[in-house]
Amino acid sequence: MPTIALPMLHTDRAFRDAARGLLGAGVPPDAVLWQFNGNGGDLFADPPATVAPTAVTVPRAFVDLMNRVVWHSDPQRFARLYALLWRLRVTPGLMTDRGDPALAHLMRLDKDVRRDKHKMTAFVRFRDIGESADGNTRRRFAAWFEPSHCITEPTAPFFANRFGDMDWMIQTPHLTAHFESGALRFSPGAPKPPLPEDATEDLWRTYYANIFNPARLKIKAMTAEMPKKYWKNLPEAELIPGLIANAESRARAMQAAAPTLPPLRSDRIIARLPGQATPDALNGCTRCPLFANATQAVPGEGPDRAALMIVGEQPGDHEDLAGRPFVGPAGQMFDRLAQEAGLARDAVYVTNAVKHFKFTPQGKRRIHQRPDRPEIEACKWWLDGEIAAVQPRLIVAMGATAAYSLTGNGKTMTARRGTIETRRDGTPVLLTFHPSFLLRQPDATRRAADTALLRGDLALAARWLAGTA
Ligand code: URA
């Protein structure tokens, strides 16, 4: 019986080549013995004559699954993968059969590996180990981590990308990853080394104590996300028992504290809105269902009679918590581009088409969702009021939601960007991209080009107001 001994390093490639060879030679799963040679010995301890890799076409879904499951610690993982591969020859649709027990088992292993990789990226804590004696001036860090599976090799590139400007080493019981002068290499694992405490430990503790929200404490969810097995290597973990013990009294104190109040300048503008509009009325708005989940309504802010009004889509996660528009990543991008375009943020009135944050919860995160038309139309009452109170000479609509609210035209922005349309009351509306659209753009060249367009549109607004456009 052929025995295939796979190495600790590059296990994925070795398994792929071996499986191809065996499949090409028609070797059935029950005629192969798979071994994991953790010491990195010969790839084929007893190479069968037929094992030379042959070209085999397999579904992409299998390749993706295989590339993760090979790192699992289950000794049967290679046999299970090869058995599935063998069946795929005659049942090509197998990868979509969620009821198939063999596939379901492999998918569970896949989930374990993904989870373990995620834990490694979240819970590795580097310690500064000082400069090297050889005169290399790059800062050097070391970390100890105990993964449940053999995920050090496939996870190391994440750290190489994230910490490319320093030298580091992550030691685990089965493998050590070294990153030196931009090159990644691996050596055998080792027992836990004595690592020195350093200042970053205190930083972690301070950070953790500050972001810990006692009002959201769910001990079960917390230990699922940060299992106790990782605690012993996390500097901040020593704070957890104390924070849990005080959580109830801290949550009560938080509830007693006043919510974030809208800034003063928006109070005055909201107070000038038609009807019974007051800041409390905006916060108590139930014109659409979005009020139910948001922390608070976020009014616009800026000078009472700003010549320029900027309208975005809706508050994001940061804005919802702060009670102020455009203070998160999109706001920071807007501030930078506006400044480069010659616009001072505190000279413009900045607001949104929709005043409550719309999101779906995903674990602990709140994922932004675009408001739909009835929500935009319900909130138009507030935006119209702001426009009537401020009476801007020009409005810049950033993104399709603002454009729709201001012009009633719901067409996409691509063809309209950079043009000026007119609101029903005659106010000119310059249409441009939303900064979040740029932040989401994965292609760097496109992002740079679209950023230049948004900057150019803001500069056009500045020239238009100065009477030079
Ligand atoms: N995106 C918006 O449209 N508005 C904000 O206030 C923040 C992000």
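Gly 312, Glu 313, Gln 314, Pro 315, Gly 316, Glu 319, Pro 325, Phe 326, Ala 330, Asn 352 and His 434 surround the ligand, each with a heavy atom within 4 Å of it. Keep in mind that this is a predicted model, where local features need pLDDT of at least 70, side-chain atom pairs count only at pLDDT 80 or more, and totals for chains, interfaces and linings use all residues. Residues are numbered from 1 along each chain as its sequence is written, and side-chain values use heavy atoms, with hydrogens and water left out.

**Ligand shell**

- The shell residues divide into four nonpolar, five polar and two charged; here Ala, Val, Leu, Ile, Met, Phe, Trp, Tyr, Cys and Pro count as nonpolar, Asp, Glu, Lys and Arg as charged, and the others, Gly among them, as polar.

**Backbone contacts to the ligand**

- A polar backbone atom of Glu 313 is 2.7 Å from a ligand oxygen atom.
- For Gln 314, a backbone N or O atom lies 2.9 Å from a nitrogen atom of the ligand.
- Phe 326 places a backbone N or O atom 2.8 Å from an oxygen atom of the ligand.
- Of the 240 Å² of accessible area that the ligand has on its own, the protein covers 94% (Shrake-Rupley method, 1.4 Å probe).

- β3 pairs with β4 (residues 140-144) in the antiparallel sense over two bridges; pairing requires at least two bridges found by DSSP.
- Arg 127 stands opposite Ala 142 in β4.

Conventions: A polar contact is a pair of N or O atoms within 3.5 Å; within protein, one must be able to donate a hydrogen and the other to accept it, and residues adjacent in sequence count only if both atoms are side-chain atoms. Helices (H or I, at least four residues) and strands (E, at least two) are DSSP runs, numbered from the N terminus.
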